[in-house]
Structures are given as structure tokens and as C-alpha cells.
Amino acid sequence: GQPAISYHDYDTDNVKFARFSSPSWTTQAVASAGIEGNVTSLAFGPDGKPAISYTLSFFGFLKFVRFDGATWTNE
């Protein structure tokens with residue numbers, strides 16, 4: 001019921017998750033390390049919690065983080 005996106009914030013070089021809850025968007029940094037996150041993909045598990053995959057652009061490695069309800073963890 002609430003729109004959400006994942007994206008790379010080029011100002012901070014963080015992978016971020018944003019969710020709209022009227023009247024505004026809230027954002028969370030989920031990963032940071034300079035060149036990370038040029039390409040992100042967001043999905044929701046059966047429990048409704050978000051998960052994001054992203055690439056390390058320089059190396060082409062795929063990374064994955066999941067929100068457990070309190071923190072974002074690397075898988």
C-alpha cells in the first residue's frame with residue numbers, strides 16, 4: 001500500500017531505500033562504500049520486509065541486503 005524504491009545516492013555514494021508515507025518520503029542508507037550501488041533492485045519477501053540487490057560497479061559483484069525489521073543485514 002505504500003510506494004517504495006531503492007537507489008544509489010551519488011551525493012553520498014550510499015545505496016538507499018525510500019518509502020512514501022503520506023505526506024512525505026523517508027529514506028534509509030542500507031550500504032555505503034564509495035563505488036557501490038550503481039544498479040539496484042528492490043523486492044519484498046512474503047513477510048513484507050524489503051530486500052535489495054545491488055552491484056559493485058567497478059568489480060561487477062552482486063551484493064544483497066535484507067531488512068529484518070530493525071536493521072539491514074548483508075546476506
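Predicted model: local features only at pLDDT ≥ 70, side-chain atom pairs only at ≥ 80, totals over all residues.
Ile 5 has Ala 18 as its bridge partner in β2. Six bridges in total join β1 to β2, a strand covering residues 14-21, and the two run antiparallel.

Strands of a sheet pair through backbone hydrogen bonds, either parallel or antiparallel. Here, three strands make an open sheet, ordered β1-β2-β3, with antiparallel pairing. From one strand to the next, the twist averages 25 degrees.

Next come the aromatic rings. A pair of aromatic rings is described by the distance of the centres and the angle of the planes. The whole structure holds three aromatic pairs. In one of them, the ring centres of Phe 17 and Trp 72 lie 5.5 Å apart with planes at 55 degrees, so this pair is tilted. Phe 17 sits in strand β2 and Trp 72 in strand β7 (residues 72-74), so to speak two distant parts of the chain, 55 residues apart, linked by the pair. Ring pairs also bring Phe 67 into a cluster with Phe 17 and Trp 72.

Are Phe 17 and Trp 72 buried or exposed? Buried means under 20% relative accessible area, and the table shows how each residue counts.

| Residue | Relative accessible area | Class |
|---|---|---|
| Phe 17 | 5% | buried |
| Trp 72 | 15% | buried |

Technical notes
Residues numbered from 1 in each chain as written. Heavy atoms only, no water. Pairing = 2+ DSSP bridges. Helix = DSSP H or I, 4+ residues; strand = E, 2+ residues; numbered from the N terminus. Axes fitted to C-alpha atoms, helices over the stretch in contact; angles between N-to-C directions. Phe/Tyr/Trp six-rings, centres within 6.5 Å; stacked < 30°, edge-to-face > 60°. Buried < 20%, exposed > 50% of the residue type's maximum accessible area, 1.4 Å probe, protein only.
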